[in-house]
Amino acid sequence: MTTIAQAGTYSFGGRTVARLGYGAMQLAGPGVFGPPRDPEAARAVLRTAVELGVNHIDTSDFYGPHITNRLIREALHPYRDDLLIVTKIGARRGEDASWLPAFSKAELEQAVHDNLRNLGLDVLDVVNLRAMFDVHGPVEGSLEEPLAALAELRRRGLIRHIGLSNVTPRQVEDAQRIVPVACVQNMYNLAHRADDALIDRLAAQGIPYVPFFPLGGFSPLQSSALSAVATQLEATPMQVAIAWLLERAPNLLLIPGTSSVTHLRENLAAANLVLPVDALAALDGISRQAEATRAA
C-alpha cells in the first residue's frame with residue numbers, strides 16, 4: 001500500500017499538508033490546452049491521489065483553460081476539510097494555445113472569479129501570482145500593482161493567502177513588503193538549482209517553496225547520471241528526483257503531476273525511498289555538471 005506519511009508534513013495556507021501533493025496541469029489536453037482524451041481517467045487520478053493521502057492540489061483556471069478546475073470539482077466536490085487547493089493567476093491562454101500575461105486589476109479579479117466558479121468554492125485558500133515578464137523563467141519587473149490588486153481581493157474575502165510563481169529572489173523580497181507571501185513556486189530540480197539560497201531563506205521564515213518540473217531541463221548526461229542512481233536503487237528516475245527534493249529542505253512541498261494512476265502511485269511511493277550517502281553524492285554532482293556546462 002502506497003503511503004506518503006514518510007515524506008512528512010508542513011504548514012501551508014493555514015493548514016498542515018503532506019509534503020507530497022499533486023499538480024493537476026497534466027490533466028488537460030496536449031500542451032495543457034483543451035480537454036483530456038479520457039476525462040473519467042483524469043477524475044480517477046484525482047480521486048486516487050486524495051485516497052492515498054494527498055491533501056495539497058495545485059491547479060489553475062488557465063490550464064485548459066478551465067479544464068483542470070472543472071475536473072477537480074467533478075471528482076472531489078464537496079471537498080474534504082483537510083484538502084488545500086492552490087491556484088494560479090496572472091496568465092491567460094490565446095486561441096492558438098499561447099501563454100499570455102493577464103496582469104491588470106480587471107484580469108486578476110476575473111481570474112479569481114473564474115477559479116471560484118469552476119472549483120465550486122466561495123473563497124480561494126491560496127492564490128499564486130504568476131509573473132509573466134517572460135514565459136520561460138523569472139525576469140525582474142515590478143509586481144507592486146498586481147499584488148495590490150490581490151491584496152484588495154483578500155480584503156474582500158475572495159482569497160485567504162497570496163503566493164508567488166516564476167519570480168526572482170528580489171521580487172520575493174519586494175513582495176514581502178506589500179503582502180505576507182504564503183509560498184514561492186519556481187522551477188527547481190537536481191539540474192537547476194539557482195534558487196538554493198532562496199529556499200534556505202524561506203525555510204528560515206517557515207515559508208513553503210513549491211518546485212515544479214522535477215525532471216525539467218536535464219541534459220542527456222545529467223539524465224544518464226540520474227538513471228544510473230535510479231537503477232542502483234531499483235527505482236524510477238522520477239522517484240529519485242522526488243526523494244532528493246524531499247531530502248533537500250523541509251519546506252519543499254512537491255506537486256508531481258501525471259495523468260496516469262499507475263504513475264501517480266509510483267510518484268507517491270518516492271516518500272518511502274531512502275537515498276544512501278553515495279547516491280546523494282552522485283545526485284549532487286548533477287548540478288555541478290550543469291554549472292560546468294553553463295560556464296563552458
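Mentor: Start with the second largest pocket: its lining residues divide into six nonpolar, four polar and six charged. Bear in mind that this is a predicted model.

Trainee: Which residues sit closest to the centre of that second largest pocket, and how many line it?
Mentor: There are 16 lining residues, and Phe62, Ala91, Arg92, Ala111 and Asp114 are the closest to the centre. Arg92 and Asp114 are among those, and Arg and Asp both count as charged. The space inside is about 230 Å³.

Trainee: Which element gives the most to that lining?
Mentor: Helix α3, with five residues. β5 (84-89) and β6 (91-93) also supply at least two each, as does α3 (105-119).

Trainee: How do you know what counts as a polar contact for the side chain of asparagine 115?
Mentor: The pair of N or O atoms has to lie within 3.5 Å, with one able to donate a hydrogen and the other to accept it. The side chain of asparagine 115 meets the side chain of threonine 87 at 2.5 Å, and that is a polar contact.

Trainee: What else does asparagine 115 touch, leaving out residues up to four places away in sequence?
Mentor: Ser60, Asp61, Asn69, Thr87, Lys88, Ile89 and Leu124. For that, heavy atoms have to be within 4.5 Å.

Trainee: Leu124 takes me to strand β8 (residues 124-130). Why are β8 and β9 called paired?
Mentor: Two strands pair if there are at least two bridges between them. Six bridges join β8 to β9, so the pair qualifies.

Trainee: What makes you call strand β9 mostly covered?
Mentor: Five of the seven residues in β9 (residues 159-165) are buried.

Trainee: And the largest pocket: how much space lies in it, and which residues are nearest its centre?
Mentor: About 950 Å³. Arg130, Asn186, Met187, Phe212 and Phe213 lie nearest the centre, out of 41 lining residues. Elements giving two or more residues are β10 (181-187), β11 (209-212), α8 (237-248) and α10 (277-295).

Trainee: How does that lining divide?
Mentor: Into 24 nonpolar, 10 polar and seven charged residues.

Conventions. Residues are numbered from 1 along each chain as its sequence is written. This is a predicted model: local features need pLDDT of at least 70, side-chain atom pairs count only at pLDDT 80 or more; totals for chains, interfaces and linings use all residues. Side-chain values use heavy atoms; hydrogens and water are left out. On a 1 Å grid over the protein atoms alone, a cavity is a set of points where a 1.4 Å probe fits but cannot get out, and a pocket is an open set with protein on both sides within 12 Å along at least five of seven lines; lining residues have an atom within 4 Å of a point. Grid points are joined across faces, edges and corners, and a volume is the space filled by probe spheres set on the points. Helices (H or I, at least four residues) and strands (E, at least two) are DSSP runs, numbered from the N terminus. Buried means under 20% relative accessible area, exposed over 50%, partly exposed in between (1.4 Å probe, protein chains only).
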